[in-house]
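I opened the model to look up its sheets, its ligand shell and the contacts between its chains. My entries follow in the order in which I made them.

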Amino acid sequence: MPKKQLPSRFYPVKHEMQTVEAPAEKISPQQRAETWEKIAQYFRANSLWMLNYCTGCCAIELPLVMTSRFDMERLGMMPMATPRQADILLVTGYASLKTLRRLIYTYEQMGTPKYVVAFGPCAVNGGIYHDAYAVLNRLDLYLPVDLYIAGCMPKPEAVMSGFMKLIELIESGKATGWKDYEQRYEWYKKNQLEAVGEVFIHDEFHE
Amino acid sequence: MTNSMNSVKARWAAQMRGMFPDARLKKDRGTEMTYEILPRDLHQILAYLKNSGWRQLSMITGVDWIEEGQFELVYNLFDWEQGLRVLLSIRIGRDKPQVLTITNIYAGAQYYEREIHEFFGIEFIGNEDALKSLFLERWDALPPLRKDFDSRAYSDKKYVKRFYDPVYGPQGGAPFERS
Ligand code: SF4
């Protein structure tokens with residue numbers, strides 16, 4: 001029995017291969033990479049998901065910033081549930097012996113690019129807790145801080161203007177804390193170990 | 001404070017006097033009574049109170065009376081039906097301080113005992129879990145809420161400080177540099 005010929009639409013269409021002359025390179029590979037980086041920065045700056053790790057009392061101003069009066073969603077910022085989905089880590093206040101370990105865990109879980117915003121003088125030099133037995137005075141020794149927001153606690157206006165500044169920094173490519181953390185990883189690790197002895201957490205939830 | 005509450009309270013206070021003559025009413029603020037009791041009576045009194053309505057242990061606090069060489073532990077109980085609060089305070093010696101755990105009466109005391117062990121170094125006999133650290137992981141000095149612990153000296157020794165000369169006014173504010 002002769003094979004039945006299927007209608008032509010069942011056969012793949014064959015195209016003649018055409019070779020097109022590539023246009024001469026007008027920009028160098030480096031320039032091209034820079035252009036892509038700029039495009040990436042533009043998009044990064046306009047969609048920021050934040051993880052507010054409420055270490056201290058500064059966190060009290062965040063609900064105001066999130067809700068309708070100041071409404072940070074108009075800057076494209078949103079609170080996010082897990083570190084793996086977040087872009088910004090807000091350290092709202094002092095880091096203590098207990099919280100620093102968890103902060104480091106959190107920060108290292110976040111995917112790059114990631115930015116750290118520190119609130120209040122407590123993160124700069126200990127603030128009013130500079131002589132407390134469990135408060136680490138300088139956050140920037142342990143995590144790469146991109147932006148400090150002044151005020152104890154910072155008013156919502158200050159927080160908003162800080163966020164706007166952060167967007168500016170990201171867009172112009174100046175918020176490079178995460179690169180710094182990768183480059184000087186040993187230095188940060190050394191400081192962390194000096195301060196808390198061991199970064200691993202041994203408690204009921206991590207054993 | 002209502003009359004009926006007053007009578008309930010009076011009846012209860014009389015009962016308490018009869019059962020535990022060593023318990024001394026130190027202060028009566030209407031809805032809050034403070035008793036000074038002996039450490040050996042603690043469990044009896046707590047068991048009695050729990051059965052007569054004080055089902056909530058609100059907290060346990062410690063006080064360091066360094067000049068008298070004593071620690072004070074205050075057990076804070078609350079009765080939701082009558083709205084009455086009772087504070088029981090015991091005193092123990094300051095060197096090698098030990099008390100029996102109360103987790104067999106109020107299971108919620110677990111975390112308070114753990115915290116007090118951490119901040120005052122008081123040992124709770126019968127509560128192994130109280131030896132675990134709660135806030136101060138890998139702590140390497142005296143328990144920090146003892147009066148002879150110098151917080152400032154410890155902080156200066158342990159943590160890196162930041163010193164700078166502030167410039168006030170509109171010209172102030174040095175640009176931030178990564179150290
Ligand atoms: S800076 Fe002020 S408000 Fe913020 S955590 Fe420190 S003490 Fe609290």
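How many salt bridges are there between chain B and chain A? I count four between chain B and chain A, taking a salt bridge as a side-chain nitrogen of Lys or Arg within 4 Å of a carboxyl oxygen of Asp or Glu.

Conventions. I note that this is a predicted model, in which local features need pLDDT of at least 70 and side-chain atom pairs count only at pLDDT 80 or more, while totals for chains, interfaces and linings use all residues. Residues are numbered from 1 along each chain as its sequence is written, chains are lettered from A and ligands numbered from 1 in the order in which they are written, and side-chain values use heavy atoms, with hydrogens and water left out.

Interface. I looked up one pair by name: the side chains of B:Arg162 and A:Asp140 form a salt bridge, 3.1 Å from N to O. Contact (heavy atoms within 4.5 Å) involves 25 residues of chain B and 34 residues of chain A. The two chains bury about 2500 Å² between them, 45% of it on carbon and sulfur atoms. Buried area here is the accessible area (1.4 Å probe) that two parts lose on being put together, summed over both.

Salt bridges elsewhere. Over all chains the structure holds 20 salt bridges. In B:Arg40 and B:Asp22, the closest N and O atoms are 3.0 Å apart. B:Arg40 lies in the loop between S2 and H2 of chain B and B:Asp22 in the loop between helix H1 (3-19) and S1 of chain B, so the pair ties together parts that are 18 residues apart in sequence.

Sheet of chain A. Helices (H or I, at least four residues) and strands (E, at least two) are DSSP runs numbered from the N terminus, and two strands pair if DSSP finds at least two bridges between them. I read an open sheet of five strands in the order S2-S1-S3-S5-S7, with parallel pairing, in chain A. Strands S2 (77-79) and S7 (147-149) of chain A each have a single partner strand, so one side of each is left without a neighbour in the sheet. The twist averages 30° from one strand to the next; axes are lines fitted to C-alpha atoms, for helices over the stretch in contact, and angles run from 0 to 180 degrees between N-to-C directions. S1(A), residues 48-53, is joined to S2(A) by three bridges and to S3(A) by four. A:Met50 has A:Pro79 as its bridge partner in S2(A) and stands opposite A:Ile88 in S3(A).

Ligand. Which residues surround the ligand? I list A:Cys57, A:Cys58, A:Gly93, A:Tyr94, A:Gly120, A:Pro121, A:Cys122, A:Ile128, A:Tyr129, A:Cys152 and A:Met153, a residue being near if one of its heavy atoms lies within 4 Å. The shell divides into nine nonpolar, two polar and no charged residues. In this scheme Ala, Val, Leu, Ile, Met, Phe, Trp, Tyr, Cys and Pro count as nonpolar, Asp, Glu, Lys and Arg as charged, and the others, Gly among them, as polar.

Sheet of chain B. I read an open sheet of five strands in the order S1-S2-S5-S4-S3, with mixed pairing, in chain B. S2 (residues 32-36) and S5 (residues 84-93) of chain B pair in the parallel sense over five bridges. In S5(B), B:Leu87 stands opposite B:Thr34.
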